[in-house]
Amino acid sequence: MTTTGLLRTISGVGTDRGRGGYSRHGFAKAELELRDWFIAEAGWCGLDVEVDRNSNIWAWWGDPGPDAVVTGSHLDSVPGGGAFDGPLGVVSALAAVEAMRSKGFQPAKPLAVVVFAEEEGGRFGVPCLGSRLLTGSLDPAAALGLTDNSGVTLADAAETAGFDPAAFGRDTEALSRIGCFIELHVEQGRGLIELDAPVGVASSIMAHGRWRFRFTGEGNHAGATPIADRRDPMLPASQLVLAARRAATGGARATVGRLVPNPGGTNVIASTVDVWLDARAENDASTRDLVEKITSAATVAAADEGCAVTVTEESYGDTVIFDPALRDDLSRMLGGVPALPTGAGHDAGVLAAHVPAAMLFVRNPTGVSHAPAEHAEPADCEAGAVALASVLEHLARSS
Ligand code: GLV
Ligand code: MN
Ligand code: MN
């Protein structure tokens, strides 16, 4: 089946009625349905499926073993996300395997399609959970205690979904099998539009992380509390939002996309407000500097309102420079396709610290991502799958 045909088969799963697009969160109904869908599709492609200790799904062509050529992506989404971020890499991997099989190709190395768990962190806050747990870059005890908006822990959600949370953690065996990892992804920007190219390769990922600011004030009555008597945590929270925009200069990015007042009532002065800051910049020093500036502004604003503030670093990843030799090899093999940087995080970025990793990007004519308008034309999706198949063939053939 074509990539577009495969995407069509899951187009009804996890649709978001509020924003449009898709809400497919880790270990929730839609994502579990997609996991079952993938396992069935992989079976029809003749792949042998196994689920690792961290709930990542692996579909193998050939016996699982060292020096495997691995491709894949994720099936979860941000709230109200697009149809392509994640699923395009998964369906392209399946389409590439089918194309290689139908032309009679026999890989000399094991080849696997992987679906990583909770890449977006849309439910538990920390992105790339599956790959971070597998590589040991996230402490399983800390991960298992993460909670979703309803207070359900990752441990409980995983157990309810049929996984063993006690087994979560660094998986040396799974990691040692990966010879290289290639993730195909819809581009999350306008680079390929401007270059007039359907497919490109990734050069780097910006340093990025998530910080949770908790402002604590005094919950009270919206009508009965004189302004002078208030300690309203929404005030410093709103100052943080403005400070983030002011501090993000010179290519840095700072975003507040999630602000959670407790209890969140129209006629209630909140007791606490959690503000999630997503901050990204070219390197570690500039990202730290950006967060420091925002933290200082938040601290002053909290004191001005008589509120307390605590800051928790929920996740962080330094700048990733993808393996230059692999990147150039892929670009050459694909007729000199362009290499471009990205501000978006990926499982390939997590794996890049451990194994040679690379990414293929497919043009996105809207340039929009993490929103329903994210798009890729069918012809470009097919070009991506063809490119992926030739890359996988090349890598699985050479010794
Ligand atoms: C994931 O797509 C991220 O960059 O947040
Ligand atoms: Mn994403
Ligand atoms: Mn993604």
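How far is the sulfur of C381 from the closest cysteine sulfur, and which residue holds that partner? The distance is 17 Å and the residue is C45, so the two sulfurs are too far apart for a bond. Keep in mind while browsing that this is a predicted model.

**Domain layout**
- The protein chain splits into domain 1, made of 3–206 + 319–396, and domain 2, which covers 208–317.
- Between the C-alpha centres of domain 1 and domain 2 there is a separation of 32 Å.
- Domain 1 brings 14 residues to the contact, while domain 2 brings 15 residues.

**Area buried between the domains**
- Together, domain 1 and domain 2 bury about 1100 Å² between them.
- Carbon and sulfur atoms account for 42% of that buried area.
- On the domain 1 side, G125, M206 and T319 provide 47% of the area buried against domain 2, more than any other three residues.

- Seven residue pairs, both members at pLDDT 80 or more, are in polar contact between domain 1 and domain 2.
- Where domain 1 touches domain 2, its residues comprise six nonpolar, six polar and two charged.
- If you are looking for salt bridges between domain 1 and domain 2, the count is zero.

**Cysteines**
- Searching the whole structure for disulfides turns up zero.
- C45 takes part in no disulfide, and the nearest cysteine sulfur to C45 is the one in C381, 17 Å away.
- A disulfide needs its two cysteine sulfur atoms within 2.5 Å, and the sulfur of C381 lies 17 Å from the closest one, so that gap is too far for a bond.
- Are C45 and C381 buried or exposed? C45 has 9% relative accessibility and therefore counts as buried; C381, with a relative accessible area of 2%, is buried as well.

How values were computed:
Residues numbered from 1 in each chain as written. Chains lettered and ligands numbered in written order. Predicted model: local features only at pLDDT ≥ 70, side-chain atom pairs only at ≥ 80, totals over all residues. Heavy atoms only, no water. Domains from an automatic or database assignment. Contact = heavy atoms within 4.5 Å. Buried area = accessible area lost by both parts, 1.4 Å probe. Salt bridge = Lys/Arg side-chain N within 4 Å of Asp/Glu carboxyl O. Polar contact = N/O pair within 3.5 Å; in protein donor to acceptor, adjacent residues only side chain to side chain. Nonpolar A, V, L, I, M, F, W, Y, C, P; charged D, E, K, R; others polar. Buried < 20%, exposed > 50% of the residue type's maximum accessible area, 1.4 Å probe, protein only.
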